Amino acid sequence: MNLHEYQSKVRFGRFGIPVPMGKVATTPQQAYEIAREIGTTVVVKAQVLAGGRGKAGGVKLARTPDEAEQVANQILGMKIKGLTVRKVLIDPAANIGTEIYLGVTNDRAAGRPVMMASSEGGVEIEQVAHDKPNAIIREHIDPFLGLRDYQARNLASGINLPREHWKAFTKIAHNLFTTYMQSDATLAEINPLVITKEGQLIALDGKMSIDDNALFRQTELAEMRDIDAEPKEVIQARAAGLSYVKLDGQIGCMVNGAGLAMTTMDMTKLYGGENIGPANFLDIGGGAQADKVAAALRIILSDPNVRSILFNIFGGITRCDEVARGILQALSEVPSELPMIVRLNGTNAEEGRAIIQNASISNLYYADTLTEAAQKAVAAAKGEL
Ligand code: GDP
Ligand code: MN
């Protein structure tokens, strides 16, 4: 789960990282009021769960409350990377001298957190990693020892930070690491961390991702989830208890079990290639009751790229005949003309097959093996079935 900038910065502030004292507005009038309270030049910032807002025109300075109102009016409702802006953060503008990057994430290969710093702040870190990999300084952190002072100093000297800022930088690095650990985060990032012309260090932008598996014990963070800011199908999938990840292919995959779902994706890609391959990862979990299948079907059908649908179900405790009935019921609830290929294996597969075939639905095909199913799904997507 990703936090908005304003949510991340409130959290940073609570852990002792200096942040601008801003407020969120949902209307241009509110933006006017907040800018008037602040009383200096402000920066109006789109709150969407995506980076690169500055480049997209979602971060703008405003000298007066009237200007803040106008700018907020432009930014609210704007789309950035497909996401509609519904909130803006109004922060007192900073007088930027230097922009630094500072972030913590999990290094899976190393099996521990890594803190990264770069003198190339304000640019997305992925871009820096690509263009100037040497400009990123890394320190792996022992989770039991925490960030050591010498490590913070290594980062400071690695980015050629002037000595007079080392004390403030070290404190921010420690506090950022604490925020990261205490939040069960997978990412805590300040980009840019600026040195103002007055010589203060301040976190101008903040980004945090929280491990979904820890939300049960991070109740305060879990409540911050902004339903409006997430893509519709992600919200629907979560509500139905489905694991869904949208991809760019044309074959909608409906599978029970994550491993089988991965295999199904591999097989469609093997026979269909980049374009025709999987349109999604979808694990409908155990049971595969009609309502769940119907919910999954609605989500798959909401993707305009989908040209065919592949059901790949292994019947274990759930019997294939039950699943077949669930599929038919779901199809009656969510009618579609798209070709659908069903492959059932495991307990009562024969009975399941009979149910699918006896239904005599013209766009519903049966396959005995996964190879056959993947080939048929690819052919169907090409309009050749
Ligand atoms: P992002 O593009 O989504 O990462 O949004 P940021 O919050 O990082 O803002 C993008 C850029 O806008 C920053 O790198 C700064 O150069 C600029 N910016 C943001 N806040 C201020 C501010 O208070 N004053 C000034 N002068 N520039 C700012
Ligand atoms: Mn940024």
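**Helix packing and ligand contacts in a predicted model**

User: Which residues bring helices H10 and H11 together?

Analyst: In this predicted model, Ala 290, Val 293, Ala 294, Leu 297 and Arg 298 of H10 meet Gly 326, Ile 327, Gln 329, Ala 330, Leu 331 and Glu 333 of H11. By class, this contact has seven nonpolar, two polar and two charged residues.

User: Why are H10 and H11 called oblique to each other?

Analyst: Helix H10 (residues 290-301) and helix H11 (residues 320-333) pack at about 50°, and their axes are 8 Å apart. Angles under 35 degrees count as roughly parallel and 65 to 115 as roughly perpendicular; H10 and H11 are therefore oblique. Their crossing is right-handed.

User: Why does the term oblique also apply to H5 and H6?

Analyst: Helix H5 (residues 149-158) packs against helix H6 (residues 166-182) at an angle of about 120°, with 9 Å between the axes. Roughly perpendicular covers 65 to 115 degrees and roughly antiparallel begins over 145, so H5 and H6 are oblique. H5 crosses H6 in a right-handed sense. From H5, Asp 149, Ala 152, Arg 153, Leu 155, Ala 156 and Ser 157 take part, and from H6, Trp 166, Phe 169, Thr 170, Ala 173 and His 174.

User: What makes the pairing of Lys 45 with ligand 1 a polar contact?

Analyst: A polar side-chain atom of Lys 45 lies 2.5 Å from an oxygen atom of ligand 1. The cut-off is 3.5 Å between N or O atoms, so this pair qualifies.

Technical notes. Residues are numbered from 1 along each chain as its sequence is written. Chains are lettered from A and ligands numbered from 1 in the order in which they are written. This is a predicted model: local features need pLDDT of at least 70, side-chain atom pairs count only at pLDDT 80 or more; totals for chains, interfaces and linings use all residues. Side-chain values use heavy atoms; hydrogens and water are left out. Axes are lines fitted to C-alpha atoms, for helices over the stretch in contact, and angles run from 0 to 180 degrees between N-to-C directions. Helices (H or I, at least four residues) and strands (E, at least two) are DSSP runs, numbered from the N terminus. A crossing is left-handed if the near helix is turned anticlockwise from the far one by less than a right angle, and right-handed if clockwise. Contact means heavy atoms within 4.5 Å. Ala, Val, Leu, Ile, Met, Phe, Trp, Tyr, Cys and Pro count as nonpolar, Asp, Glu, Lys and Arg as charged, and the others, Gly among them, as polar. A polar contact is a pair of N or O atoms within 3.5 Å; within protein, one must be able to donate a hydrogen and the other to accept it, and residues adjacent in sequence count only if both atoms are side-chain atoms.
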